[in-house]
Amino acid sequence: MKLIKKGNILLLVTAAIWGFAFVAQSSAMEHIGPFTFQAVRFLLGATVLLPVILVRSKRGAFVGDKKSMWIGGVLCGITLFIASSFQQMGIALGASTGKAGFITAMYIIIVPILGIFLKKKVSIRIWICAIVAVIGLYFLSVKDGFRIEKYDILLLMGALAFSAQIMLVDYY
């Protein structure tokens, strides 16, 4: 299979899993609380990743300073937990899955904007995308005289935390 075709298939699978996760999160809120969901989610993730980490470390797949790897891993895990918790609380308070997905996806715009503070160049195309995304966020979130719901703020805080996690991954 050609590399580009394989990459496109993997991107499609990733997008599908990402989208289905919002439906699962919303459905779970009918039966359990947000932190119980988070505990189960992270425990399942750790259970799946632990064997992969052990096998890869025996093969010498990890290159670099182990201290930096641990610090980066812990910081990324903490920010992932914070981001996911904000997102889950927003969904628990009543955000629709579509709105939660859109607001969470704002990290796509927030990351390059945060990059400016790290002296990274941001192209005009990114600024155009940021403006379009903010307009979309406005139409989805602002109702009845500039009223923003509680869960909109939680979801946006989650997007900021996801952005911080991505910046940490880039740094470490």
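**Overall look.** I'm working with a predicted model here. I looked up the size first: the chain has 172 residues, and its C-alpha atoms fill a box of roughly 60 × 45 × 35 Å along the principal axes. For secondary structure I get seven helices and two strands. Going along the sequence, I read the pattern as α-α-α-α-α-α-β-β-α.

I checked how far apart in sequence the contacting residues are. Taking contacts with a separation of 6 or more, 81% join residues 24 or more positions apart. As for burial, 28% of the residues count as buried.

**Surface and charge.** The accessible surface comes to about 11,900 Å². I noted that 73% of that area belongs to carbon and sulfur atoms. On charges, I have 17 positive and 6 negative side chains, and the centres of the two sets lie 15 Å apart.

**The patch.** Which helix gives the most to the patch? That is helix H3, residues 66-92, with six residues.

**Trp70.** I picked one patch member to look at by itself. Trp70 is found in helix H3. Is Trp70 buried or exposed? Its relative accessible area is 59%, and exposed means over 50%, so Trp70 counts as exposed.

Notes. Residues numbered from 1 in each chain as written. Predicted model: local features only at pLDDT ≥ 70, side-chain atom pairs only at ≥ 80, totals over all residues. Heavy atoms only, no water. Helix = DSSP H or I, 4+ residues; strand = E, 2+ residues; numbered from the N terminus. Buried < 20%, exposed > 50% of the residue type's maximum accessible area, 1.4 Å probe, protein only. Contact = heavy atoms within 4.5 Å. Areas by Shrake-Rupley, 256 points an atom, 1.4 Å probe, with all protein chains shown as cover. Lys, Arg positive; Asp, Glu negative; His and termini not counted. Charge placed at Lys NZ, Arg CZ, Asp CG, Glu CD.
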